[in-house]
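Some notes on the model, as requested. Please read them with the structure open.

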Amino acid sequence: MTDVVAVWTVALSDGIHKVKFEHGTTTGKRVIYVDGKELSRKNWMFKLVGRETFTISGTKAVINIDACSGFAYEYQLEVGGKSLEKFTEQRARTCKVWTPVVDGVGHRIVLEKDSMQIWCDGHVLETAGEFVDDGTETHFDMAGHACYIKAVSSGKRREGIIHSLVIDDVEYPETIE
């Protein structure tokens, strides 16, 4: 019998991770799975509320277990010291994500705007930056395809810089995660 009480999806630069939590309210059992792999197991916990700390690809995560009413419990996931919702909002501001299909194969490309690192399918890529007339281009190779992310000013202070992914001279739209 399974005691799965919560499942969350966490988008990081190296991929989208699935966190599953089992909580046995009669046995006190606590089991954490990330991407189907068991990370932590505690059996016969007498205290049914509390916190479970673990990492997802080097990022600290915490599951908070709180009693609601009677024998009902509430489970919340924190990632990087923030609630999952706040963490997701922050990542939307600091990262750009594209999911192009090239030669029939789907890819996930992430630009971390604060570090200017580019990730492709879970790996950091080597890049070369170049100034062009209307902004900058960060060039990289993906499976033998010439790629770059172009950064240009929107001309509007509120919008800031606009990033575009170009693969083999074809521009791909940004993905909203």
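**Notes on one histidine and the strands around β7**

1. Neighbours within four places in sequence aside, His 23 is in contact (heavy atoms within 4.5 Å) with Asp 3, Val 5, Lys 29, Arg 30, Leu 48, Ile 65, Tyr 73 and Tyr 75. Numbering starts from 1 along each chain as its sequence is written. The model is predicted, so local features need pLDDT of at least 70 and side-chain atom pairs pLDDT 80 or more, while totals for chains, interfaces and linings use all residues; side-chain values use heavy atoms, with hydrogens and water left out.

2. His 23 belongs to strand β2, residues 15-23. Strands are DSSP runs of E, at least two residues, numbered from the N terminus. The relative accessible area of His 23 is 2%. That makes His 23 buried, a term for under 20% (1.4 Å probe, protein chains only).

3. Which side chain makes a polar contact with that of His 23? Tyr 75, at 2.7 Å. A polar contact is a pair of N or O atoms within 3.5 Å; within protein, one must be able to donate a hydrogen and the other to accept it, and residues adjacent in sequence count only if both atoms are side-chain atoms.

4. Tyr 75 lies on the covered face of strand β7 (residues 73-79), with Tyr 73, Leu 77 and Val 79. Glu 74, Gln 76 and Glu 78 form the uncovered face.

5. Tyr 75 is also the bridge partner of Ile 65. Strand β6 (residues 59-67) pairs with β7 in the antiparallel sense, over seven bridges. Pairing requires at least two DSSP bridges. Five residues separate β6 and β7 in their hairpin. In the turn, Gly 70 has a positive phi of about 60 degrees.

Terms used: Buried means under 20% relative accessible area, exposed over 50%, partly exposed in between (1.4 Å probe, protein chains only). Helices (H or I, at least four residues) and strands (E, at least two) are DSSP runs, numbered from the N terminus.
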